[in-house]
Amino acid sequence: MSARDRIWDLVARSCMHLDSEQYDSYLALLDESYEYTISCFSPDLRKEMVLLQLKKDELGNLLKSIHNHVHLPGRLFRQASLYSVEPKPDDRYAAMSYVTVTYTNLDGASAIFCVGRYHDDIAGAESGLRLLSRRFEMETRDIGTGCHYPI
């Protein structure tokens, strides 16, 4: 399997685990140094806004208690398309994927929730690839309240 195919598999599995709310499986894909950020550019402020920024242990704590929080009733479905993979020194890669997230409410009606790009830093190892960091750069600036799931 090529490095690009292995990276695509990692990105796809991260989306599938989040979609099915298999948070332990999702967390297993992450390096111990993992950092997760959701950001978007504000034309009003003319700068990037950081909406969520967590380390792996903080993300794990959030996911353990997420059903105790006010959240959207229904499900999110992530569709990622891997666009670029750039090799880095020390068996690392930078990958960028376009992402569309669809929200389906409890009545079964679906709508686009948000769109953006994953900017992933990935480390390769004999035991498999792992995510070092993910920045989800949203194009959508208004996702409403009650959503603090990883995108």
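A residue counts as buried under 20% relative accessible area, as exposed over 50%, and as partly exposed in between (1.4 Å probe, protein chains only). At 52% relative accessibility, Lys47 therefore counts as exposed. The structure is a predicted model, in which local features need pLDDT of at least 70, side-chain atom pairs count only at pLDDT 80 or more, and totals for chains, interfaces and linings use all residues. Residues are numbered from 1 along each chain as its sequence is written, and side-chain values use heavy atoms, with hydrogens and water left out.

**Nonpolar core**
- A nonpolar core is a set of buried Ala, Val, Leu, Ile, Met, Phe, Trp, Tyr and Cys residues joined through side-chain atoms within 4.5 Å.
- The largest such core has 39 residues, of which Tyr26, Tyr36, Leu59 and Phe136 touch the most other members.
- Beyond its neighbours within four places in sequence, Tyr36 is in contact (heavy atoms within 4.5 Å) with residues including Tyr26, Leu59, Arg134 and Phe136.

**Helix α3**
- Helices (H or I, at least four residues) and strands (E, at least two) are DSSP runs, numbered from the N terminus.
- In helix α3 (residues 56–64), the buried residues are Lys56, Leu59, Gly60, Leu62 and Leu63.
- These buried residues line one face of the helix, because they fall within an arc of 160° seen down the axis of α3; the arc is that of the directions from the helix axis to the C-beta atoms.
- Asp57 and Lys64, on the other side of α3, are exposed.
- The cover over the buried residues of α3 includes α2 (23–28), β1 (30–42) and β2 (47–55).

**Aromatic rings**
- Rings of Phe, Tyr and Trp (its six-membered ring) pair if their centres lie within 6.5 Å; planes under 30 degrees apart count as stacked, over 60 as edge-to-face and the rest as tilted.
- There are three aromatic pairs in the structure.
- One of them is the stacked pair of Tyr34 and Tyr36, at 6.5 Å centre to centre with 20° between the planes; both residues are buried.
- Tyr83 and Tyr98 are also stacked, since their ring centres are 4.1 Å apart and their planes lie at 20°.
- This pair links distant parts of the chain, with Tyr83 in strand β3 (residues 75–88) and Tyr98 in strand β4 (residues 92–104), 15 residues apart.
- Tyr83 is partly exposed at a relative accessible area of 49%, and Tyr98 is partly exposed at 36%.

**Lys47**
- Lys47 lies in strand β2.
- Not counting residues up to four places away in sequence, Lys47 touches Cys40, Phe41 and Ser42.
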